[in-house]
Amino acid sequence: MPRTTRPKSSKTSAALTHIDARGEARMVDVSAKSATERTAVAEGRVVMSKATLTLIETGQAKKGDVLATARIAGIMAAKRTSELIPLCHPLALTKVTIDIATDAKLPGCIVRATVKVTGPTGVEMEALTAVTVACLTIYDMIKAVERGVRIEGIHLIEKIGGESGHYRAGE
């Protein structure tokens with residue numbers, strides 16, 4: 001298969017760690033980096049009608065316990081992130097928690113994932129993947145009742161550890 005060449009931008013190449021000097025995708029070499037404790041927290045929302053939220057809260061969803069299923073799906077997704085995102089490193093995660101709060105004002109669910117590792121690279125993608133899959137699972141569990149459910153606002157809340165330091169959204 002012939003290779004395509006891309007215009008090179010030194011600014012882009014320097015800023016994007018997954019792009020090599022020739023503009024091609026690569027997995028970052030983290031072998032020289034120290035193993036440190038790293039944590040990432042991500043969040044997303046699943047917005048639905050009040051009636052659908054009531055089904056979840058009262059345990060009346062036909063497919064079963066929506067929130068318990070979403071928690072397990074989110075944990076499983078964090079553990080398999082490197083299989084889903086091509087340039088992510090496989091990591092031995094030390095902690096994954098999925099917290100889901102129902103919110104009558106939304107109405108819907110707020111999903112938060114916290115992922116921790118001691119290693120040479122961070123876990124932002126694992127936290128974001130966990131939230132995304134947990135939100136998708138909530139949708140899957142209730143779609144027979146309401147197809148217009150929206151998944152919104154998936155984003156990184158906080159990153160702790162690593163060479164780039166502490167990041168908190170909005171600061």
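What covers the buried residues of helix H2? Before I answer, some ground rules. This is a predicted model, in which local features need pLDDT of at least 70, side-chain atom pairs count only at pLDDT 80 or more, and totals for chains, interfaces and linings use all residues. Residues are numbered from 1 along each chain as its sequence is written, and side-chain values use heavy atoms, with hydrogens and water left out.

The protein chain has 5 helices and 5 strands; these are DSSP runs, numbered from the N terminus, with helices being H or I of at least four residues and strands E of at least two. Their pattern along the sequence is α-β-α-α-α-β-β-α-β-β. Of the 171 residues in the protein chain, 35% are buried, where buried means under 20% relative accessible area, exposed over 50%, and partly exposed in between, using a 1.4 Å probe and protein chains only.

Now to H2, residues 50-57. Its buried residues are Thr52, Leu53 and Ile56. They line one face of the helix, because they fall within an arc of 100° seen down the axis of H2; that arc is taken from the directions from the helix axis to the C-beta atoms. On the other side of H2, Lys50 and Ala51 are exposed.

As for the cover, it includes helix H3 (66-79), strand E2 (95-103), strand E3 (108-119) and helix H5 (124-142), with contact meaning heavy atoms within 4.5 Å.

Finally, just after H2, Gly59 has a positive phi of about 70°.
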